[in-house]
Amino acid sequence: MIPKLTPELALDASIIAFNKALVAAGFSGDIETSYGSRLAVATDNSVYQALPQAVLLPKSTDDVVILTSLAQTSSFSHIKFSPRGGGTGTNGQALTEHVVVDLSRHMRGILEINVEQRWVRVQAGVIKDQLNAFLKPYGFFFAPDLSTSNRATIGGMINTDASGQGSLVYGKTSDHVLALKTVLIDGNILKTHKMATFEAEHRAEMPSSIGRIYRQVLDSCRTFRPQIIEKFPRLNRFLTGYDLEHVFNDDLTEFDLSRIITGSEGSLGFVTEAKLNITPIAKYKCLLNVKYDSFESALRNAPFLVAAEATSVETVDSKVLDLARNDIIWHQVKELITDVPGTEMQGLNMVEYNSEEQSEMARKIAALTAKLDAAIADKTDGIIGYQLTYDGAAISNIYAMRKKAVGLLGNTQGAQKPIAFAEDTAVPPENLADFIMEFRALLDSHGLHYGMFGHVDAGVLHVRPALDLCDPEQEKLLRTISDQVVALTGKYGGLMWGEHGKGYRSEYGPAFFGDELFNELRKIKAAFDPRNRVNPGKICTPYSSADQLVSVDDQKRAWFDRQIPVAVKKSFDSSLNCNGNGQCFNYEENSPMCPSSKVTRDRRHSPKGRAGLMREWLRLTELQGIDVLAEEQRILVNKPGFSSLWQKIRNSLAKWQGAEDFSHEVMEAMEGCLACKACASQCPVKVDVPSFRSRFLQLYHSRYLRPAKDYIVGNIERTAPMLAKAPRLINFVLKRKVTAAVLKKTVGYVDTPLLSVPTLAQLTAKQYQFDLAMLQQLSPAKQARTVLLVQDPFTSFYEAELVADALQLLAKIGFRPVLLPFVPNGKPQHVKGFLRQFAETAATAARFLNQLQQLNMPMLGLDASLVLAYRDEYNKTLGAKRGDFQVHLLHEWLVQQPIPRAVNTADYALLAHCTEKTALPSTEKAWQQIFINAGMTLQTVPVGCCGMAGTYGHEAQNLDNSKALFNMSWRSPVERFGVSNILVTGFSCRSQVKRLTGDKPKHPLQALLHSL
Ligand SMILES: Cc1cc2nc3c(=O)[nH]c(=O)nc-3n(C[C@H](O)[C@H](O)[C@H](O)COP(=O)(O)OP(=O)(O)OC[C@H]3O[C@@H](n4cnc5c(N)ncnc54)[C@H](O)[C@@H]3O)c2cc1C
Ligand code: SF4
Ligand code: SF4
């Protein structure tokens, strides 16, 4: 039995008192102190881990003022805070052992837009892509770009001075900040914007902390101007720290204090609002993908492309290309980067042109392509080909691939994982190729693997060498290489942190700024935060403070991971591999990635949160001396006896009485998961929550009793066939209000679906019935025209008319369909963690299906979750015993068949099931093709999760989230097209539409059948 886990849960008493006082003072945000909530923000995309004492999630600037003002009182004046946004830092910028102030959950308001004056005012937690989606209808965008644009916040971008693709033309975040509202640690609000220097001098006379800040910054930046100009690199990137150079304009007549805050990594105050410059979206866009025989050729050719007046030039090496080829993302880009016959593509430059004038862009492209053609013909510069696209969606897809590259680099086998520590060097672009060659030699000398890509136009290189930090020797290597990279970037006139900020690399600050300027930084820090209470240890400590900076040697995630046995790590690699890049925080409502994260905005309820909780659970269990793998085996082999039941009752009673156990926190996060499996394909390192979730559920319930609903769901494949023998009676009972109330109260189930009337047996003609002996005797010609329809419990017992329509459709297109007898699949058992029972069910089903495989007839299924379980969960559970039977989804097979021309057509819109389209990215295209084959049209509509996901939406505790998810991305297209015009592939999704609109949409096969 798993042990009770009680990690060091006790919080510092003053933090508890502070939190209480916060509520009394009117703080309206969330206050979280659970171990799970703190763990969820203990990591970012870096190698470090720091557990905070509490997480405060303010709702407004007022909340931040309340918390900072309260922190001034003598009882709380020792408490320190770190602001946090999306938590996508690569160097631990937002990590702290003190209190996290997370502005990303609630402060997502876009407050004001002024199109004439070209600005927008936003709260700090607004996500960059969210802002651009808002600006698009106005014809504008927020120009600084970054790979994490679907989850990084404006507050985080400002504080790391984020930039990325197109930075030569569009600049960095600091170039677009017009004004900031920053709450200082003493509770004062500092409003900054560009002003005449005399006005700044006037403000410097104020007696408050604001006057002190103006005085210090004016003094430091003016007195040391010559040293600043000499020291700051002439690069598209700046030193990050405090931008002493750009506070003033060239003739010192203008002063902008915002420039000190941009890039300050949360070390000066809490930015709560920003007024940002917005840029018109260029009317014309074009992307050339230039292909090379080597990465070096791509790098050396970049200056030529920049000289060809490109808006941006991005590069990726062959390793990144290969990783992309094996990811779901390749599906969207493969036609834009085709192989050149007879050559090997080892490098790619993505060259973008933007323009307001079509003729101007055409001229530039014609000039460049003429030169590229000549180079290809002459076989010079390693150029082997190029492709050009003007299609906006295609261009976005290529950049999505490029943006995913960092994450993809994390997706490697073995213990050595690509890690961020020297991943964003910047050197003058003309030095880039030589710098990279030397950088490669350095990494090769340590025998390391790595992939490279970057913004070659700005001289920025992204590289993540693969190290196993659980090996103490490799951890030392991280320090060695960091020091060597600092020296190497210095040699080429560049920076170690060209893009992602300093964080735990802050210790190298003095080496880059020099002691004299670094002291000025410390004086500025002292003016803002004299007692080192805001993100302490980052960038610098206040002048005359004895506090230490954070260091690259500080505690890493690997220190914790080392405590988990290697065999356990391997077995649970899906959770251990999460590198915290935050792709699963994707805000985009129409993307399938993590519905529970979207709807709760709670980091624990994301794949990252769940993976982190699982990792810690494994560590704590190991510390209790329990072998998790042996425990799992024991549960799989032995049926629980009476004594274990008695122990479970006792443990559950203790739980209901409030006894603490960290497993309950993990359980809560797992219960919020919809098991939609989007993470398994969308996460760049394929963190597959449902796979470790079901294992955890099984282990958890070896100690605690299961709720009744688990047994209902887990046994649905056994009970549904029995209930379907008297469907009218069962439905009559289910329809009673009293039954609904009882089910809700006792089982926690709502809107229980009704059984099909007439039943499948009543709907199916005799000729479709299964007769093995008859099938075995069919002639080869007849065998070739026979298809077997595999039943699933949902369509067969709750949507029998769909199964009947599928049989009819197959017959109509010239095949002889046979309805196989219902054999449980086991997926519902797997979802609820009944893994022993699942293994038995899967073995029985596999035996049956393997026998049928001998007939050599296609086997088709209608429900994606269950059909995909034959491929995934069956493989994992049965291994070689699974056999080689194949069950296809209807569309996978139908797309290869000739279809008669439709006689009636209508305009349909396809809303595909998220599990299906993430696991099988060609789903939507396949249905479109099937419709084209029939002479029909079908448009696809991007939607996220419908909120039903099997039985999730029927559980009373999930009802609000289920409805919210439907409203997020489904309601609008359902209302726009009308239920009769949408086609929906998922059983859950059709049920959800019916439940929340009153009308049931058709499956695409039904539209096809009625059109032929
Ligand atoms: C895969 C990957 C790719 C990346 N690519 C890029 C890239 O192309 N370009 C780029 O510039 N960066 C990139 N980054 C780094 C990172 O995404 C950026 O630094 C981003 O700006 C951080 O935003 P965030 O909201 O996640 O901030 P966080 O990581 O939460 O915080 C970053 C810093 O800002 C501070 N902060 C956050 N919000 C506030 C606030 N409201 N007030 C005061 N301080 C605050 C924090 O204290 C911390 O010091 C990448 C990261 C990853 C994981
Ligand atoms: S779960 Fe995947 S996408 Fe999310 S942070 Fe971890 S590695 Fe990134
Ligand atoms: S299965 Fe779905 S809900 Fe669960 S963690 Fe993965 S993406 Fe999120």
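1. Helices here are DSSP runs of H or I with at least four residues, strands are runs of E with at least two, and both are numbered from the N terminus. By that count, helix 2 (35–40) and helix 23 (607–623) each supply at least two residues of the lining of the second largest cavity. Helix 23 gives the largest share of that lining, five residues.

2. On conventions: this is a predicted model, local features need pLDDT of at least 70, side-chain atom pairs count only at pLDDT 80 or more, and totals for chains, interfaces and linings use all residues. Residues are numbered from 1 along each chain as its sequence is written, chains are lettered from A and ligands numbered from 1 in the order in which they are written, and side-chain values use heavy atoms, with hydrogens and water left out.

3. The whole structure holds 15 cavities of 30 Å³ or more. A cavity is a set of points, on a 1 Å grid over the protein atoms alone, where a 1.4 Å probe fits but cannot get out; lining residues have an atom within 4 Å of a point. Points are joined across faces, edges and corners, and a volume is the space filled by probe spheres set on them.

4. The largest cavity contains about 700 Å³ of space. Its lining counts 46 residues, with Thr-88, Gly-89, Ala-152, Gly-156 and Thr-160 closest to the centre. Strand 3 (81–84), helix 5 (154–160), strand 11 (270–277) and helix 15 (392–409) each supply at least two lining residues. By class, the lining has twelve nonpolar, 26 polar and eight charged residues. Nonpolar covers Ala, Val, Leu, Ile, Met, Phe, Trp, Tyr, Cys and Pro; charged covers Asp, Glu, Lys and Arg; the others, Gly among them, are polar.

5. The second largest cavity has a volume of about 140 Å³. It is lined by 16 residues, and Leu-39, Thr-43, Lys-608, Gly-612 and Arg-615 lie nearest its centre.

6. Ligand 2 is surrounded by 13 residues, each with a heavy atom within 4 Å of the ligand. The closest are Cys-578, Asn-581, Gly-582, Cys-584 and Cys-683. Seven residues of this shell are nonpolar, five polar and one charged.

7. Gln-698 sits in helix 28 (residues 689–700). Gln-698 counts as buried because its relative accessibility is 6%; buried means under 20% relative accessible area (1.4 Å probe, protein chains only). Leaving out residues up to four places away in sequence, Gln-698 touches Glu-632, Ile-635, Leu-636, Arg-706, Gly-833, Leu-835 and Arg-836 (heavy atoms within 4.5 Å).

Technical notes. Buried means under 20% relative accessible area, exposed over 50%, partly exposed in between (1.4 Å probe, protein chains only). On a 1 Å grid over the protein atoms alone, a cavity is a set of points where a 1.4 Å probe fits but cannot get out, and a pocket is an open set with protein on both sides within 12 Å along at least five of seven lines; lining residues have an atom within 4 Å of a point.
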